Amino acid sequence: MSEERYEVSATAKLVMGAVSLIFGLFIVFAGPFILQIGYETVMREVLSAGGTPPPPPNLYYYTPFVVPWFFATYRAIGVIGGIVCILTSYSLWKGERWAWPATLVGMALPTIFSVLSIIPHLAHIGSVPPSIFIIVAGLFAYWIVLLFPRSDIKEKAARVSAFTLLGLLAGETAVFCMQGAKALGSMAEMVFNTNNPGFLLNPDISIFSFSWPLQIATTIMVVLAIYLLAKRDRRGWWLGMGAGVTGMVANFPTQFVRWGVTIDFIFTGFLALFLVVVLMIPAFKKSLIGEKG
């Protein structure tokens, strides 16, 4: 499906427009409250509210500062995505091709940036938070809009594989943007308070000074890649490749250094690797941007 050959049946237009509108309204009016529930639960546990002993300061020193800022920012990005879905829903129903990539980005934003509320909840509370409904609803809406325009099976497979991996990768790296800021900030505070540079020079922490900027770059490249790839712009393919390679460079070394602490980074590194492999499949590349590998 090229941008010039955007073929959608009347039923598909109606379904995509309705899905975009309903999802957008859900994100704007219900999403913030759903996210707030999980956020408050995690913060109470991590900060040991209610008189329980506080956690070690070297682990959570900057949590009360960093986590609320990232949570508020990511929630706002999600709301903006919901607004985009509402505004594009009519044009999507009318079959205007510009609305298709814009809607995909609008659906991707709250889905990607809601992952931040999932991982801490699983780690600290041990249960799935209410925000899982945002992730699930976002994935289904995303896939519906991806699959409804007319195309052959090969193109549908290429789109689902590439666009899903892009979203999953960005969801993980967006979390690591917060984690890196919290770790580096906490260690800097501990160095200042103790006059001991060992905290910041610890490889388990100093590795974030390498990977943290790369996680930010990966997240930004993915969002741009989703929009441009949906327009069949070859720059979208290159941005997707850049996000995949950058994600590998950021996460595999971080996992190697922090092997005894966590295994989160190897999962993200493999997501980035799978994205690169999918984008390099000649048949998929041709389906996505009209070029052979």
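Mentor: Helices (H or I, at least four residues) and strands (E, at least two) are DSSP runs, numbered from the N terminus, and Trp93 has its place in helix α4. This is a predicted model, in which local features need pLDDT of at least 70 and side-chain atom pairs count only at pLDDT 80 or more, while totals for chains, interfaces and linings use all residues. Residues are numbered from 1 along each chain as its sequence is written, and side-chain values use heavy atoms, with hydrogens and water left out.

Trainee: Why is Trp93 called partly exposed?

Mentor: Buried means under 20% relative accessible area, exposed means over 50%, and partly exposed lies in between (1.4 Å probe, protein chains only). The relative accessibility of Trp93 is 41%, so Trp93 counts as partly exposed.

Trainee: What makes Leu14, Tyr90 and Trp93 a nonpolar patch?

Mentor: A patch takes residues with over 30% relative accessible area and no salt bridge, joining nonpolar side chains (Val, Leu, Ile, Met, Phe, Trp, Tyr) within 5 Å and like charges within 9 Å. Leu14, Tyr90 and Trp93 form such a patch on the surface, and together they have about 360 Å² of accessible area, a value from the Shrake-Rupley method with a 1.4 Å probe, where for residues only the protein chains shown count as cover.

Trainee: Why is the charged end of Lys94 said to sit over the ring of Trp93?

Mentor: The term requires NZ of Lys or CZ of Arg within 6 Å of the ring centre and within 35 degrees of the ring normal. The charged end of Lys94 is 5.7 Å from the centre of the Trp93 ring, and that of Lys285 is 4.0 Å from the centre of the Trp237 ring.

Trainee: What makes the aromatic pair of Phe65 and Trp69 tilted?

Mentor: A search of the whole structure finds 11 aromatic pairs. In one of them, Phe65 and Trp69 are 6.3 Å apart, centre to centre, with 55° between the planes. Rings of Phe, Tyr and Trp (its six-membered ring) pair if their centres lie within 6.5 Å, and planes under 30 degrees apart count as stacked, over 60 as edge-to-face and the rest as tilted, so this pair is tilted. Phe65 and Trp69 are separated by about one helical turn, because they are 4 residues apart in helix α4 (residues 63-94).

Trainee: Why is the contact between Arg44 and Glu40 called a salt bridge?

Mentor: Side chains of opposite charge can pair when their charged atoms come close. A salt bridge is a side-chain nitrogen of Lys or Arg within 4 Å of a carboxyl oxygen of Asp or Glu, and the closest N and O atoms of Arg44 and Glu40 are 3.7 Å apart. Arg44 is exposed at 51%, whereas Glu40 is partly exposed at 31%.

Trainee: Are Glu155 and Arg159 buried or exposed?

Mentor: Glu155 has 7% relative accessibility and counts as buried, and Arg159, at 3%, also counts as buried. Their side chains meet in a salt bridge (3.6 Å, N to O).

Trainee: What makes Asp233 and Arg235 a salt bridge?

Mentor: Their side chains meet at 2.7 Å, N to O. Asp233 is buried at 16%, whereas Arg235 is exposed at 53%. Salt bridges that share partners also join Glu155, Arg159 and Arg232 into one network.
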